Every structure is written in structure tokens, then in C-alpha cells.
Amino acid sequence: MPDLLELLGRRPVVCAEGYLFECERRGYLQAGAFVPEVVLDHPEVVEGLHREFVHAGTDVVEAFTYYGHREKLRVLGKEDILEPLNRQALSIAARVARETGTLLAGNLSNTNVYEPGPAGERTVRSAFEEQVGWAAEAGVDFIIAETFSWAGEALLALETIRAAGLPAVITFAVHREGTLRDVARPEEACRQAEQAGADVVGLNCIRGPLTMLPLLTPIREAVSCPVAALPVPYRTTDEQPSMQALRDPARGGAQAFPTALDPFTCTREELGEFATAALALGVTYLGVCCGAGPHHIRAVAEAAGQAPPASRYAPDMSKHSFLGSDPGITRSYREYAREL
Ligand SMILES: [Zn+2]
């Protein structure tokens, strides 16, 4: 069975994220509340998606417990499904990881109830502790704590993971302003997380490849542990640096987040180029967050030097009926292609 740190010592690691968006897009999860009830309602959909991402090259199967914590479910009046949801998500992910020889990760996320101060911290800590407890019982290899815009909340997550004796990947969410809510610079938050015992630190979600990349060099320089980068696959810009900031000119300048981001979707090549650039900066834990499709994951895995099962079906246009170069393609069709 592979070990995260041992694997990172040998080669870059790929981690597929983005289960919320993909299950929503497929019609099995409601946008808005964004709670992963799909693990109970349609476990076969989640299991199938895990398997597609493994086929495409993820080294990590992340249990789909994002937003599956007590505080979120309390708001929705669904606390009764908290434990079954967590246990089911972990058991689905464990089955796929163990059958495919990939790493099994538990997952903590931003709670959206955290506030600095003893009362807020107590609430969040107990929500994290019960999730970490279920993950530990499921035998996870490590825990990903992700999408934190508060460094303080991430450090609480880290503390509970460390208390369970598990390796921790801590990734921060950097919104439009380029800062966190309680720490000015993302690299400072990463430094604090490393000092507090995180095994991998970095960024996930919110920003697309072009606006996440410039944040990575200061992080790489600030820490000595492996650095993670998992952007969203959307064409964010200097003017609109986050997926929430994107406005669609074809729709009267309407906000595209969260269900109308399609026209901003990056190509697989753009994700492959991002992975190559991030690797050159020394980033070794790579992935894609909200909006990720298997074609994006394959491109990242291939850029990282892997040949996942899906690479067998990587494009080969030489035999295309019109655009191919194979001598078997008739000349008249090749000439016709020039007019297409
Ligand atoms: Zn995301």
C-alpha cells in the first residue's frame, strides 16, 4: 500500500477534487446548499466518479464528505444524516482506493461558521473531531483539510488531524483580494501550517490556473515541505481572479458562479500547461478542484509523467477521417478538411 509522503519523495502526486460540482452537473446534487447527500441517495454515482478519476490518473481517492459536517447539516435540519453520510462516503472511497491501490484520504472543509475566538473555535473543533474520528476508523491514509479562507480554522483542522496521528494536507482558498481573512499573505498561512505540523501545504479551489500560479512561488519559498496546487479549471483573469468574480459578457455580465461557468472552462491542455509550470516551480502535489473532469485529471497526470489507464485513449488525430495524416485517408477528404 503506498504512503503519501513516501510517494511524494519519489514523484509528483495527483489528487482529483471537485466532486460537488461534478455530481451537481450530473443531476445528483443540489446547487446552493451543496451537501453531498448523493453518497446516501446514489452511492453508485460517487463510486463511479471515484473510479473515473482513478482511471484518469488520480493517486488519491478523497472521501466525499465536503460540507458534510455537523454545522452545515444543522443549518439544513439534517443532523440525523451526519454520521451515516460520513461513514458511507468513507466506505465508498475506501472500497475504490483499496481495489485500485490508490491512497485513501479523509476530508475536512471550511465550515462557514468559524469566527476567531473561543466560542467559534469550540464549535468548529468538535465538528472536525467527529469527522476525523470516523475517517480514522475507516483507515484513511491521510486527511485533506481544504478550502480555508481563515488560517485559524485550518490550524484547528490540522490540530485535530495531528491528534489522531494522521498525515495532513492543508490547502487554503484565496479569493479575489489575494489574502486570507485573518492572515495577509497565503504564504504566511502555509508557513504557519507547516510549523504546526502539516505534511503538505498549498492552495485549492477558487482560482483558475492563471491566477493561482503567481501565488505559488512565494509559498514554495516560505516552506520546506511539499507544496500543493489544485486550481479550478476556469479561465480566471487579473481583473476577475476567482471563479466567483467571473462575469459572462454573453449573459449581460451576469455572475457565472456556480452553475453557469461552462463558457469559462479550461481545456485539458491548459491544465496540463499549468501542471508543467507548477512542477517547474517545485510544486509536487497537483490536482484540479471544482469543475474538474476526468480529461483535466488525465492532462495533469500526464504532465506529471504518469501514464494512467486513460492514456491508452489519449488523442491520436493521425487516423481522423478528414484531419488525419495517415496514408489511408483519401486525398479528396484531406483536401475537403481544409475548407472545414
Ligand atoms: Zn473547489
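**Helix packing and a zinc site**

Colleague: How do H4 and H12 lie to each other?
Modeller: H4 and H12 are therefore roughly parallel to each other, a label given to angles under 35 degrees, while angles over 145 count as roughly antiparallel, 65 to 115 as roughly perpendicular and the rest as oblique. This is a predicted model, in which local features need pLDDT of at least 70 and side-chain atom pairs count only at pLDDT 80 or more, while totals for chains, interfaces and linings use all residues. Residues are numbered from 1 along each chain as its sequence is written, and side-chain values use heavy atoms, with hydrogens and water left out.

Colleague: What are the angle and the axis distance for H4 and H12?
Modeller: Helix H4 (residues 43-56) packs with H12 at an angle of about 30°, and their axes are 8 Å apart. The axes are lines fitted to C-alpha atoms, for helices over the stretch in contact, and angles run from 0 to 180 degrees between N-to-C directions. Helices (H or I, at least four residues) and strands (E, at least two) are DSSP runs, numbered from the N terminus.

Colleague: Okay, new topic: which residues hold the zinc ion as protein donors?
Modeller: Cys 205, Cys 289 and Cys 290 are the protein donors, each through its SG atom, at 2.1 to 2.3 Å from the zinc ion. Donors are N, O and S atoms within 2.8 Å of the metal (3.2 Å for Na, K and Ca), and water is not among the atoms, so sites may look incomplete. Along the sequence the donor residues are spaced C-x83-C-C.

Colleague: What does the pair Cys 205 and Cys 289 tie together?
Modeller: Cys 205 lies in the loop between strand S6 (200-204) and H10, and Cys 289 in the loop between strand S10 (285-288) and helix H12 (294-303), so the pair ties together parts that are 84 residues apart in sequence.

Colleague: And are Cys 205 and Cys 289 buried or exposed?
Modeller: Both Cys 205 and Cys 289 are buried, which is the word for under 20% relative accessible area, with exposed being over 50% and partly exposed in between (1.4 Å probe, protein chains only).

Colleague: How does H10 pack with H11?
Modeller: H10 and helix H11 (residues 268-280) pack at an angle of about 5°, with axes 11 Å apart. Pro 209, Met 212, Leu 213 and Leu 216 of H10 meet Leu 271, Phe 274, Ala 277 and Ala 278 of H11.

Colleague: What classes do those residues fall into?
Modeller: The contact of H10 with H11 has eight nonpolar, no polar and no charged residues; Ala, Val, Leu, Ile, Met, Phe, Trp, Tyr, Cys and Pro count as nonpolar, Asp, Glu, Lys and Arg as charged, and the others, Gly among them, as polar.

Colleague: Last one: where is His 69, and what does it touch?
Modeller: His 69 is in the loop between strand S2 (60-62) and helix H5 (70-75), and His 69 counts as buried at 0% relative accessibility. Not counting residues up to four places away in sequence, His 69 touches Leu 82, Ser 109, Asn 110, Thr 111 and Gln 131.

Definitions and conventions: Contact = heavy atoms within 4.5 Å.
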